[in-house]
Amino acid sequence: MNKLEHISLKNVQEVYDGPEGVLWELIMGEQIHVGGFKTSKILCEKAGLKPGMYGIDLCSALGAGCRFLVKNCGVKMAGLDGTKTMHVKAQERAAAEGVADKIEFKLGDVTGIPYPDNTFDFVWGEDAWCYVVDKGKLISEASRVLKPGGILCFTDWIEGQAGLNQEEADRINTFMKFPYMENQKGYEKLIAKNGLKLQVSEDLTEEFAGYVDFYIKMLVDQLTYDALKIIGDNLELFQAMGGEMAFMGQKAHEGKMGRGRFVARK
């Protein structure tokens, strides 16, 4: 997998500081990940999270993952994200929902987590590490801040088992502002390299393809006006973005890109 050298955290910040980030929230909800509440609940259960635990959400965006975990799993959370707009909104929304006292949000780089070794009972992530340039450093840092016996649990968009050719990968990663997508085996190797014992590794590509179809249908059949309003009523841009999403859907149905779920223990 060749990384796109011109894609960096700065590009991701531009997305989520601007209208494109608002558009993703419209399509996918505040959690901004595939399956929303339902798939968060599955990840929580597979990880065996329990009340009283202390966790960190890496690439926490609007903070909905932290709020979900606090309200539904009885844990305390930290959230770390590299985009100022997301950081500010996360704080505001936690306060509005009355859970600000149970979540600490920090603005920073997930490849340099600003917490000491052995701090957290679990590290959490949902469909966001595809934006990270150095995924090896991310997993290394996650392992470092986990307590002995701590749990790494995350989902992410991945390259599917059928594999993307370079032209397909470049097109999708450029549109999505991903430096690259890891694959299932690649994440398994990074987990093992950092001394973590893999407990769950699931390929969710077939399910992912259905969700891409669902998002496109919502945009075309229900949310067109809302989406156009966000992007300045630029119909040409809307159609172009729709074309890129349709291309991703096609590759997902071909098994070339999808989503994975992983749980490991330190």
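Predicted model: local features only at pLDDT ≥ 70, side-chain atom pairs only at ≥ 80, totals over all residues.
**Reading a mixed sheet and its surroundings**

Trainee: How many bridges join β6 to β7, and in which sense do the two run?

Mentor: They run antiparallel, joined by six bridges. Strands count as paired once there are at least two bridges between them.

Trainee: What is the strand order of the open sheet?

Mentor: The order is β3-β2-β1-β4-β5-β7-β6, seven strands with mixed pairing. To spot an edge, look for a strand that pairs on one side only; here these are β3 (103-107) and β6 (197-203). On average, neighbouring strands are turned by 15 degrees against each other, with direction ignored.

Trainee: What packs on the sheet?

Mentor: Helix α3, residues 36-47, does. It touches β4, β5, β6 and β7 (257-265). The direction of α3 makes about 30 degrees with that of β7.

Trainee: The pairing is mixed. Which strand does β4 pair with in the parallel sense?

Mentor: Strand β5, residues 146-159, pairs that way with β4, residues 120-126, over six bridges. Within this pair, Ile-151 of β5 has Phe-122 opposite. Now turn to β7: it pairs with β5 in the antiparallel sense over nine bridges. There, Ile-151 stands opposite Arg-265 of β7.

Trainee: Why is β7 called largely enclosed?

Mentor: Count its buried residues. The cut-off for buried is under 20% relative accessible area. Eight of the nine residues of β7 are buried, so the rest of the structure largely encloses this strand.

Trainee: Which residues of helix α8 are buried?

Mentor: In α8 (184-193) they are Gln-184, Gly-186, Tyr-187, Glu-188, Leu-190 and Ile-191. Ask next what they pack against: α6 (135-145), β5, β6 and β7. Then check the helix ends. Asn-183 caps the N-terminal end, with a side-chain oxygen 3.4 Å from the backbone nitrogen of Lys-185. Just after α8, Gly-195 has a positive phi of about 75 degrees.

Trainee: Where else does a glycine take a positive phi just after a helix?

Mentor: Look just after α2: Gly-29 has a phi of about 80 degrees. Helix α2 covers residues 19-28, and seven of its ten residues are buried, so it too is largely enclosed by the rest of the structure. Among the buried ones are Leu-23, Trp-24, Ile-27 and Met-28. Glu-20 and Glu-25 are also buried.

Trainee: Is His-253 buried or exposed?

Mentor: Exposed: the cut-off is over 50%, and His-253 has 52% relative accessibility. His-253 lies in helix α11, residues 235-253. Beyond its sequence neighbours up to four places away, it touches Ala-209 and Asp-213. With Asp-213 there is a side-chain polar contact of 2.7 Å.

Trainee: How far apart in space are His-253 and Gly-210?

Mentor: Their C-alpha atoms are 8.2 Å apart, across 43 residues of sequence.

Terms used
Residues numbered from 1 in each chain as written. Heavy atoms only, no water. Helix = DSSP H or I, 4+ residues; strand = E, 2+ residues; numbered from the N terminus. Axes fitted to C-alpha atoms, helices over the stretch in contact; angles between N-to-C directions. Contact = heavy atoms within 4.5 Å. Buried < 20%, exposed > 50% of the residue type's maximum accessible area, 1.4 Å probe, protein only. Polar contact = N/O pair within 3.5 Å; in protein donor to acceptor, adjacent residues only side chain to side chain.
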